[in-house]
Amino acid sequence: MRTVLALIVTVLALWQGVIWLAGMPPFLLPSPISVAEALWINRAEITRHAGYTLAEVALGFVLGSALGAALAVAMGFSAKLTAVLRPILTFSQTIPVFALAPILTLWLGFGMAPKIAVTVLIVFFPVCSAFLDGLARTPQAALDLAQVMGASRGRIMRHLRIPAALPYLATGLRLAAVYAPIGAVIGEWVGGARGLGALMIHANGRMKTDLVFAALLVLSVMTVVFARLVAIAVARLWRRYAV
Amino acid sequence: MSAAAIVRGRAWVGDTALFAPVDLELGTTGWTCLLGPSGVGKSTILRLIAGLETGARFEGRVETNRPVALMAQDPGLIGWLDVTGNVTLGARLRGENPDPARAETLIKAVGLADRAHHLPSNLSGGQRQRVALARTLFEDRPLVLLDEPFSALDARTRAQMQDLSAHLLDGRTVLLVTHDPAEAARLGDRIVLLREDGLTEWSVPTRRPDAAARPYDAPEVLALQADLMRGMMA
């Protein structure tokens with residue numbers, strides 16, 4: 001904790017030092033103090049926008065995780081389905097979400113829907129991919145036993161493969177939680193007037209760089225807290241499996 | 001079919017023959033030990049009887065007329081289930097309600113009564129194989145397939161597990177796959193040696209005591225062990 005504080009103070013001092021020495025105008029690089037001021041003056045507006053973004057992130061994360069996990073289980077059941085879907089999934093990740101966001105806005109309007117859709121697109125892949133890896137790694141000894149014991153494929157999935165893959169799912173979820181806010185913000189950049197992304201674009205257009213930095217700071221803190229909460233929730237859920 | 005299981009044929013891995021044509025008939029009672037060096041295809045024969053994937057191409061006939069239970073070198077315990085949960089795994093995997101009283105009796109029989117709610121990670125290697133034995137007994141199958149179940153244990157624990165298994169599996173047909181001549185000499189009612197040139201039936205001079213393993217230090221057991229070792233080296 002003390003090293004983190006020391007690091008923050010050092011960065012702030014360097015930041016302020018650069019401004020003093022180079023004489024940077026505030027619209028290019030605002031000072032830490034002016035960012036703090038912008039944060040305080042616009043606290044109501046920033047909080048409102050952060051609330052929208054957080055709602056999009058949470059909804060997108062839940063939907064995207066559910067979709068990714070369900071897809072992984074379906075693919076875990078069928079090698080044929082995996083053979084068909086895996087290239088499609090990989091292909092879907094080659095299209096930058098930046099390019100998809102305007103199209104999604106065109107289709108889904110300027111409300112929350114396109115932002116959630118972009119978040120889902122970002123979240124489902126790491127979750128699906130990590131979980132699918134886990135489902136393929138059930139210890140062979142346990143699978144042999146299950147087969148000799150006369151277990152059906154469904155029960156093997158439910159009682160052996162899914163529980164054995166939960167640590168992998170947890171890794172996917174923790175990763176997805178860090179990326180989820182990026183999806184929401186990309187959606188907000190493209191269209192609509194709500195959310196931290198929209199606030200940033202708006203402030204940037206009016207050269208209010210201090211407000212852009214303030215919004216960015218809030219977004220970072222929000223992402224760290226969200227990812228931490230997901231990690232804690234995941235750890236608590238899985239603890240009973242002792243894995 | 002009077003035999004408990006028949007394996008007749010040959011197996012290849014790629015283009016290489018894994019073993020010469022074999023013809024193994026398991027009787028309906030007692031312990032048959034399939035003894036041989038590693039990599040000669042002992043486990044392949046056992047897995048054929050169990051109906052499991054072998055990784056080899058088999059040409060021939062495999063028949064079994066009774067349900068089997070399996071116990072292998074890797075006890076295959078489920079890390080998130082306690083001892084009781086692992087013992088009753090089969091019932092859960094078949095969608096049946098496990099009988100807790102029977103599980104308790106069997107856990108007691110293998111000497112783990114005070115550890116019924118421990119997780120496998122808190123057990124020693126020998127204790128884990130005891131859980132696997134209780135799980136095998138819980139399955140209550142007439143034909144039991146043992147795939148080198150004791151080979152990862154230390155000598156003393158191995159001898160204790162041999163005694164316990166001979167006692168608790170009494171009355172069932174057992175196929176024990178092992179690379180240890182001492183183990184075959186203690187447990188086999190019938191010993192079959194598997195080498196690259198095929199199966200050799202080995203004569204077993206002394207009868208095994210009822211529901212027990214032969215003493216590990218009896219001269220005739222040590223003599224049989226030496227005889228089997230010579231057979232494996234030949």
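Figure 1. The structure is a predicted model, in which local features need pLDDT of at least 70 and side-chain atom pairs count only at pLDDT 80 or more, while totals for chains, interfaces and linings use all residues. Residues are numbered from 1 along each chain as its sequence is written, and chains are lettered from A and ligands numbered from 1 in the order in which they are written. Both faces of β5(B) are covered. B:V68, B:L70 and B:A72 are buried on one side, and B:A69 and B:M71 are buried on the other. Helices (H or I, at least four residues) and strands (E, at least two) are DSSP runs, numbered from the N terminus.

**Figure 2. The six-stranded sheet of chain B.** This open sheet has the strand order β5-β6-β7-β3-β8-β9, with mixed pairing. Its edge strands are β5 (68–72) and β9 (198–202) of chain B, each of which pairs on one side only. Two strands pair if DSSP finds at least two bridges between them. Direction ignored, neighbouring strands of the sheet are turned by 20° against each other on average. Helix α5 (residues 125–139) of chain B packs on the sheet and touches β5 and β6 (143–147) of chain B. The direction of this helix makes about 175° with that of β5(B). Axes are lines fitted to C-alpha atoms, for helices over the stretch in contact, and angles run from 0 to 180 degrees between N-to-C directions.

Figure 3. β5(B) pairs with β6(B) in the parallel sense over five bridges. In this pair, B:L70 stands opposite B:L145 in β6(B). Strand β3 (residues 31–35) and strand β7 (residues 173–178) of chain B also pair in the parallel sense, over five bridges. There, B:W31 stands opposite B:V174 in β7(B).

**Figure 4. The three-stranded sheet of chain B.** An open sheet with antiparallel pairing has the order β2-β1-β4 in chain B. At its edges stand β2 (16–26) and β4 (57–64) of chain B, each with a single partner strand, so one side of each is left without a neighbour in the sheet. Neighbouring strands here are turned by 5° against each other on average, direction ignored. Strand β1 (residues 5–13) of chain B pairs with β2(B) in the antiparallel sense over eight bridges, and B:V7 stands opposite B:L24 in β2(B). Helix α1 (residues 42–50) of chain B packs on the sheet, where it touches β1, β2 and β4 of chain B. The direction of α1 makes about 125° with that of β1(B).

**Figure 5. Contact between chains A and B.** Chain B contributes 18 residues to the contact and chain A contributes 18 residues. Two residues are in contact if their C-beta atoms, placed from the backbone, lie within 7 Å. On the side of chain B that touches chain A, β5 and α3 (89–93) of chain B each supply at least two residues. β5(B) gives the most to this side, with four residues. The residues of this side of chain B divide into 10 nonpolar, four polar and four charged. Ala, Val, Leu, Ile, Met, Phe, Trp, Tyr, Cys and Pro count as nonpolar, Asp, Glu, Lys and Arg as charged, and the others, Gly among them, as polar.

**Figure 6. Helix packing around α6 of chain A.** Chain A has 10 helices and zero strands. Helix α3 (residues 43–77) and helix α6 (residues 113–135) of chain A pack at an angle of about 35°, with their axes 6 Å apart. α3(A) passes α6(A) in a right-handed crossing. A crossing is right-handed if the near helix is turned clockwise from the far one by less than a right angle, and left-handed if anticlockwise. The residues of this contact of α3(A) with α6(A) divide into 19 nonpolar, six polar and two charged. The axes of helix α5 (residues 97–108) of chain A and α6(A) come within 9 Å and cross at roughly 145°. The crossing of α5(A) and α6(A) is right-handed. Residues of α5(A) in this contact include A:V97, A:L100 and A:L104, and those of α6(A) include A:A113, A:P114 and A:L121. The contact of α5(A) with α6(A) holds 11 nonpolar residues, one polar and no charged.

How values were computed: A residue is buried if 20 or more other C-beta atoms lie within 10 Å of its own, exposed if 12 or fewer, and partly exposed in between; C-beta atoms are placed from the backbone.
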